[in-house]
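Good morning, everyone. Please bring up the model on your screens, and we will start.

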Amino acid sequence: MAIEKTEALDKLFPLFHGQSARILAYVAVKGEATPEEIRGDLGIPRSTVYKLLSELFAVGLASKERRGKVEVVKVPDFVVFADTAAIGELRVTPWNIPAFDAAHLPAGKMFIERHGLGKFARFVELYDSYIKGNTTARLMARELEVTRYEVEILLSDIGSMYPWAMGLAAHHGRRQ
Amino acid sequence: MPPITVVDSSLMIEADRRGVLDELEIYLRENISVSPPKVFEETVTEARKVGYVDSANRIEGLFNTGALRVVEPDYSDHKISRIVDGVRECIARKSCKPIHMVERTDLDIVALAAGYAKAGAKVILIFRDKALRECLELELARQKIFGVTVVDFARLVDELTSRSRRR
């Protein structure tokens, strides 16, 4: 059931999970980045970086600017809004893409299984405020009517996949 | 008074999730380490309720071995209450929520830290939230409470993880 629900999210926004999501989130946090920085810091093969970037450029989720010999990638401040029967309202911005992608992580799958896609969508929205320093994990938990523990493990798993978003240095092994 | 480390739920849950609770225990034993009852409730009681029993048991171990003590904050000191209420107002403003949504017990770690600092201890405070950090630093400066150091959460987690790899 959790897999079906996650697949529903993937189909809605296929570019907002996996490596393309990591690229978007990385560039959003950094402000701008070169393809070489993306390749080096995210550990994604060069050909894959260029392929994914061209997909992102094509739909306007990223842009490029040439500065001398170097190409610089930027992510505009977008909001992608969906309103579906299965999920309810969902807003994805460059800042909360890691939260959206957390649907694939252990804590995300458990959260969706327990609380449903609608509540997960709300978490994704609240994460935007959280990462910008405008709310706390406890407030998020209260608003979602879930335990703080569940919010913290989501934040922890997001930090593992998107360490730069949380100011962390490296990706380490995790307890499931 | 020896240095005091005041620990939030976020650190324990993160350390457990990364499999570095042993390293965290060593770190906590470097000072007297305390948490308010709310932290025990979130990391042990609530974790069990939502099915994370193994995690709850591991974290409870930190309390059972005495690496971390549960201490009730003292709100009888008006200055401590003013600091906590100031932080509440700041968080409510930042999040555009009514102040009653930010409960006082949410900020028990702040009350503990401020109380120990006011008593002359050097205090280390550890938590994840950026919003809390910004509001706390503002309020401590306003109330002229010195001696509280908010540790960089990410850096500490990375340090604990590095230590575990060197084991």
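First, the ground rules. This is a predicted model, where local features need pLDDT of at least 70, side-chain atom pairs count only at pLDDT 80 or more, and totals for chains, interfaces and linings use all residues. Residues are numbered from 1 along each chain as its sequence is written, chains are lettered from A and ligands numbered from 1 in the order written, and side-chain values use heavy atoms, without hydrogens and water.

Now find α7 of chain A, residues 137-144. Helices here are DSSP runs (H or I, at least four residues), numbered from the N terminus. Is this helix mostly covered or mostly open? Mostly covered: 6 of its 8 residues are buried. Buried means under 20% relative accessible area, with a 1.4 Å probe and protein chains only. Those residues are A137(A), R138(A), L139(A), M140(A), A141(A) and L144(A). Their cover includes α6 and α8 of chain A, together with α1, α3 and α5 of chain B. Just after the helix, E145(A) takes a positive phi of about 60°.

On to the chain contact. Contact means heavy atoms within 4.5 Å. Chain A brings 37 residues and chain B brings 38.

How many salt bridges are there between chain A and chain B? The count is 9. Each needs a side-chain nitrogen of Lys or Arg within 4 Å of a carboxyl oxygen of Asp or Glu. In one salt bridge, E152(A) meets R128(B) at 3.0 Å, N to O. On the chain A side, α6, α7 and α8 each supply at least two residues. α8(A) gives the most, with 10 residues.

Methods. Buried < 20%, exposed > 50% of the residue type's maximum accessible area, 1.4 Å probe, protein only.
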